[in-house]
Amino acid sequence: MHSNHYDITIIGAGVSSIFLAYTLIKNNKHVSIHMIDLGKKLSERTCDIDDGGVCTCEGMCSKYIGFAGLGKSEGKFNYTNDFGGELGRKIGDQATLDLMKEVDAILCEFGGDFTTSYCTKNESLSNRARMADLKVLSTEVRHLGTRLASEVFHKMYEVLKNRITFSFETLVETISKHDSGFHLKSNSGDFHTEKLVIGTGMSGSTWLKEQAASLGLFPGKTRLDMGIRVEMKGDQLQMILQDTFETKLRIERDSFSATTYCMNPQGRIIRKHQHGLVMPDGQNAREKDTPSENLNFSLFVPHYFQSYDEAMGYAVDIIGGINQGQGRIVVQRLEDFKRRRHTESLEGNLIGPSLEAECGNVRFEVPELYGMALEEFLTSLEKLLGEPIHPDTLLYGVDAKFHEPKFSTDPHFETALPNLFLIGDCSGETHSLSQAAASGIYLGNYLGE
Ligand SMILES: Cc1cc2nc3c(=O)[nH]c(=O)nc-3n(C[C@H](O)[C@H](O)[C@H](O)COP(=O)(O)OP(=O)(O)OC[C@H]3O[C@@H](n4cnc5c(N)ncnc54)[C@H](O)[C@@H]3O)c2cc1C
C-alpha cells in the first residue's frame, strides 16, 4: 500500500473522531487510519485566553482548535436523551443510552473515574415541578472539569498514536471523489482514502460547507437557541438544588418551549465571543478559586430556520444590535423587567453583578418571545419555590447557542455520497460531548464490522 493511502481518513481530531478512532482500533486490528486536524497536538494547545488574557495564537485559536477539539473544555458529559442533541431520534433512545455507557467506560479507562459521576434525578422534585407546570430534565453526569478532561484526552492520544497516522496543522484544501475513494489535497501533501469521515465540529463549519458544496451536498434546517441569562441569589434555588449540584427545568407552551441551560451555582458570568458576537456566558465555580455568592443560568428558547445563513442573520441582527460593535451586554433588575422599565443603576443592588454590563431594558433588545418565555418561566418557578424570586435578580441580554445545520445522512451517518460520513456536531445531530462521542462509537462499530 502507498504510504499516503489509507482505509479510513478522519478529518477533525475532536471528541467524536477520537471515540470513533478508539473504537476502530479496538474492533479491527488491520485497518489503516489517518487523522487530520487543522490544529495542534493537545500538549501544544496553549493560548493566553486560558489564563484570562488575550488570544496569542497565530491563525486559529488553540483554545478551540486541535486534538480533543472542544473536549478541552469544562468536560461535562451528560448521559441523557433529554438534551444535548437528537442522536436518540436518529439511532434510537436505548441504543444512544447504551453507547453513552460505553463512552463513560472509556473515559474511566483513561482516568475519568478520578471524579465520581452523579445523577440529577429526583422523583419528588419532578412531581412538585409538574404541579407548577415545569418539567425537570434529569441526567447522569460525569463532570471532568478542564484539567481532568485534558488529562483523559492526552492519555487517549498516547494510545491512538501507536496505531494511527496523525497530520496536525493540516488544512485539506480540496476533496475529490474517485471510484476507489477520495483524493485529498492538503498543505501537507496529497492523500488517498477509501472511506472518509468528517468530524470537524462547530469550528469547521465554514470549511465543511465549502467542501460539501464542491461535492454536491448542501446543509438544511438549522437550530438556534437564544435566551436571557439570569443571575440570582445563591440560595434562591436551594429547595431545588439541595440534593443535586444543578438542575434543568423546561416549560412547554403551544408557541414555545424554554429550557434552563448551563446552570452555575456559585459561578460567575463571563463574556463569550463567538461569530464576532459577545454574549453573557456562565462560568462554573470549579473553574475559579473564588466562588461567587450568586447562581446563574440561561433560559434558552430553540428556534428552527430553513438555512444556516438565515439563523446567523437572525443572531447577528439581535446580538450584534445589542453589542453595537463594542461588545455591549445589557443588564436589568428583575423588578424593572416585570414593571417594564429601564434599570438606571445597580448601586446598592443586593445581588452584585459578576459581569460588568450596561444597565438598560432587555425587553427592548430582544424579540418579545424571549421576554415572554422568561416571564412565564419565572412565574412557574415562583410557584415551585413557593416564594417570589428576589426583585434584585439580574437579567443579561442575550446568550445564544449556535448549532450546526443538518446535512442529510442515513441511519449510519453516511451522506448521499457513498463512503462519506459525518459525525458529531458537524452532522447537526449532536450538540454535546456525550452525544458526539456516542456517534463516534456508533460509526466505529459500523465501519469496524
Ligand atoms: C466553550 C464550550 C464549552 C462546552 N462545554 C460542554 C460541556 O461541558 N458539556 C457538553 O456536553 N458539551 C459542551 N460543549 C459542546 C461540546 O464541546 C461539543 O458538542 C463537542 O465537542 C462536539 O464534538 P465534535 O467532535 O463534533 O467537535 P469538536 O470536539 O469541536 O472537534 C472538532 C475538531 O475538528 C477540528 N477541525 C475543525 N475544522 C477543521 C478543518 N477544516 N480541518 C481539520 N480539522 C478541523 C478541530 O480542531 C477539532 O479538533 C461546549 C462547547 C463550547 C463551545
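Predicted model: local features only at pLDDT ≥ 70, side-chain atom pairs only at ≥ 80, totals over all residues.
Valine 103 touches Phe19, Phe77, Ser434, Ala437, Ala438 and Ile441, leaving aside residues up to four places away in sequence.

As a general background, nonpolar side chains in soluble globular proteins tend to be buried together.

## The three-stranded sheet

An open sheet of 3 strands is arranged in the order S3-S6-S4, and its pairing is antiparallel. S3 and strand S4 (118-119) stand at the edges; each has a single partner strand, so one side of each is left without a neighbour in the sheet. Strand S6 (residues 140-143) pairs with S4 over 2 bridges in the antiparallel sense. Within this pairing, valine 141 in S6 is the bridge partner of tyrosine 118. Helix H3 (residues 93-109) packs on the sheet and touches S3 and S6, and its direction makes about 150 degrees with that of S3.

S3 and S6 run antiparallel and are joined by 4 bridges. Phenylalanine 77, which is also one of the residues touched by valine 103, stands opposite arginine 142 in S6.

## The eight-stranded sheet

A further open sheet has 8 strands in the order S5-S12-S13-S16-S11-S19-S17-S18, with mixed pairing. Its edge strands are strand S5 (135-137) and strand S18 (358-359), each of which pairs on one side only. Strand S17 (residues 330-333) and strand S19 (residues 394-402) run antiparallel and are joined by 4 bridges. Glutamine 332 has leucine 395 in S19 as its bridge partner.

Helix H8 (residues 308-323) lies across strand S11 (222-233), strand S16 (294-305), S17 and S19, and runs at about 155 degrees to S19. Helix H11 (residues 368-385) packs on the sheet, where it touches S11, strand S12 (248-252), strand S13 (257-265), S16 and S19. The direction of H11 makes about 130 degrees with that of S16.

## The surroundings of the ligand

Which residues are closest to the ligand? Gly14, Gly69, Gly201, Gly204 and Gly424 are the closest of the 38 residues that surround it. Helix H1 (15-27), strand S3 (76-79) and helix H12 (433-448) are the elements that give two or more residues to this shell. By class, the shell comprises 13 nonpolar, 21 polar and 4 charged residues.

## Leucine 208

Leucine 208 is found in helix H6 (residues 205-214). Is leucine 208 buried or exposed? Leucine 208 counts as buried because 24 C-beta neighbours lie inside 10 Å, and the cut-off for a buried residue is 20 or more.

Not counting residues up to four places away in sequence, leucine 208 touches Ile198, Thr200 and Cys426. Leucine 208 and cysteine 426 are 218 residues apart in sequence, yet their C-alpha atoms are 8.0 Å apart in space.

Methods:
Residues numbered from 1 in each chain as written. Near = placed C-beta within 6 Å. Nonpolar A, V, L, I, M, F, W, Y, C, P; charged D, E, K, R; others polar. Contact = placed C-beta atoms within 7 Å. Buried ≥ 20, exposed ≤ 12 C-beta atoms within 10 Å, placed from the backbone. Pairing = 2+ DSSP bridges. Axes fitted to C-alpha atoms, helices over the stretch in contact; angles between N-to-C directions.
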